[in-house]
Amino acid sequence: MRTRIDQLAISAKTADELNEMNKNILKFARPHLTGLTLSDEKVHLPLDVDCSPFDNSGTHKEGVEPTYKKGVAGYTPMLSYLGREGFCVLSELRNGSQHVQKETPSFLKNLFRQVKGVTRRNVLLRMDGGNDSMDNIAQCQEDGIDYLIKYNRRKRSLDELIEKGKRMGVHKEIRNGFDQYVFGEWHDVPKSGEKTRLVIIVCEKNIDHDGQILLMPEVTCEG
């Protein structure tokens with residue numbers, strides 16, 4: 001058995017054949033897929049994509065490397081799940097030290113092809129901040145896939161964001177001394193020639209839960 005599995009691993013077509021088999025199983029089994037109702041009343045199937053570190057510490061397998069999770073050595077495969085039930089559509093084994101964004105646009109291209117072979121329903125791609133990249137957004141726009149990607153602030157200043165929020169954002173007082181500002185920005189997507197919208201939520205806390213006035217305001221940001 002091990003010899004035959006090793007022979008399968010040598011063939012470049014094995015992964016494609018397994019993915020095609022998985023797609024056909026989902027297509028013909030027609031499992032119940034629960035969607036999400038968005039603010040425009042349209043129902044989308046969530047398509048969640050992220051890396052997940054596998055703990056292979058203490059082994060000497062090929063590709064086992066330190067992962068982003070402290071103290072864990074192993075693999076960091078890219079996984080994708082469709083519907084609120086979480087049916088696996090496509091996965092990709094990766095070395096432990098590979099960055100989450102490396103080769104992700106090509107993974108998404110293959111993933112969208114798989115998903116369209118399973119369902120014709122609207123799909124909403126959801127990704128974490130490590131995949132906040134214009135390359136991913138361009139791939140979504142090319143394939144007509146709606147997306148929701150967590151904002152990665154990177155080196156952008158919190159002072160800039162809170163100033164912009166106060167100047168042009170929608171203000172909401174969460175409680176005394178804790179204010180929230182919501183505003184949007186449009187950015188060009190170079191590879192697609194289209195635009196994408198970024199919604200930013202900035203919070204400023206001047207008084208803590210116990211009523212203590214802070215010497216310096218605490219500013220947080222997400223989007």
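A: **Helix packing and the loops around it**

Leaving aside its neighbours within four places in sequence, Asn56 is in contact (heavy atoms within 4.5 Å) with Lys61, Val64, Ala73, Gly74 and Tyr75. Asn56 has its place in the loop between strand E3 (54-55) and strand E4 (65-66), where helices are DSSP runs of H or I with at least four residues, strands are runs of E with at least two, and both are numbered from the N terminus. With a relative accessibility of 14%, Asn56 counts as buried, a word that stands for under 20% relative accessible area, as exposed does for over 50% and partly exposed for what lies in between (1.4 Å probe, protein chains only).

This is a predicted model, in which local features need pLDDT of at least 70 and side-chain atom pairs count only at pLDDT 80 or more, while totals for chains, interfaces and linings use all residues. Residues are numbered from 1 along each chain as its sequence is written, and side-chain values use heavy atoms, with hydrogens and water left out.

Turning to the helices, H2 covers residues 14-29, which is 16 residues, and it reaches 22 Å from its first C-alpha to its last, close to the 22 Å expected at 1.5 Å a residue; the expected span is 1.5 Å times one less than the number of residues. Within H2, the residues Thr14, Lys23 and Leu26 are buried.

H2 and H3 pack at an angle of about 30°, with 8 Å between their axes, which makes H2 roughly parallel to H3. Axes here are lines fitted to C-alpha atoms, for helices over the stretch in contact, with angles from 0 to 180 degrees between N-to-C directions; under 35 degrees counts as roughly parallel, over 145 as roughly antiparallel, 65 to 115 as roughly perpendicular and the rest as oblique. On the H2 side Asn19, Glu20, Lys23, Leu26 and Lys27 take part, and they meet Gln114, Gly117 and Val118 in H3. By class, the residues of this contact of H2 with H3 are two nonpolar, three polar and three charged, with Ala, Val, Leu, Ile, Met, Phe, Trp, Tyr, Cys and Pro taken as nonpolar, Asp, Glu, Lys and Arg as charged, and the others, Gly among them, as polar.

The contact of H3 with H4 holds four nonpolar, three polar and four charged residues.

H4 itself is mostly covered, with seven of its ten residues buried: Asn136, Ile137, Ala138, Gln139, Cys140, Gln141 and Asp143. The cover over the buried residues of H4 includes H3, strand E8 (123-127), E9, strand E11 (178-189) and strand E12 (194-207). Cys140, found in helix H4, is buried with a relative accessible area of 0%, and, not counting residues up to four places away in sequence, it touches Phe112, Leu125, Ile145 and Tyr147. Between Cys140 and Arg153, 13 residues apart along the chain, the C-alpha separation is 21 Å.

Most residues other than glycine have a negative phi. Arg30, which follows H2, has a phi near 50°, a positive value in a residue other than glycine; Arg30 is in the loop between H2 and strand E1 (36-37) and is exposed, with a relative accessible area of 73%. Arg154 also has a positive phi, near 55°, and is found in the loop between strand E9 (146-149) and helix H5 (158-168), where Arg154 is exposed at 52% relative accessible area. His209 lies in the loop between E12 and strand E13 (213-222) and counts as exposed at 68% relative accessibility. From C-alpha to C-alpha, His209 and Ser97 are 40 Å apart in space and 112 residues apart in sequence.
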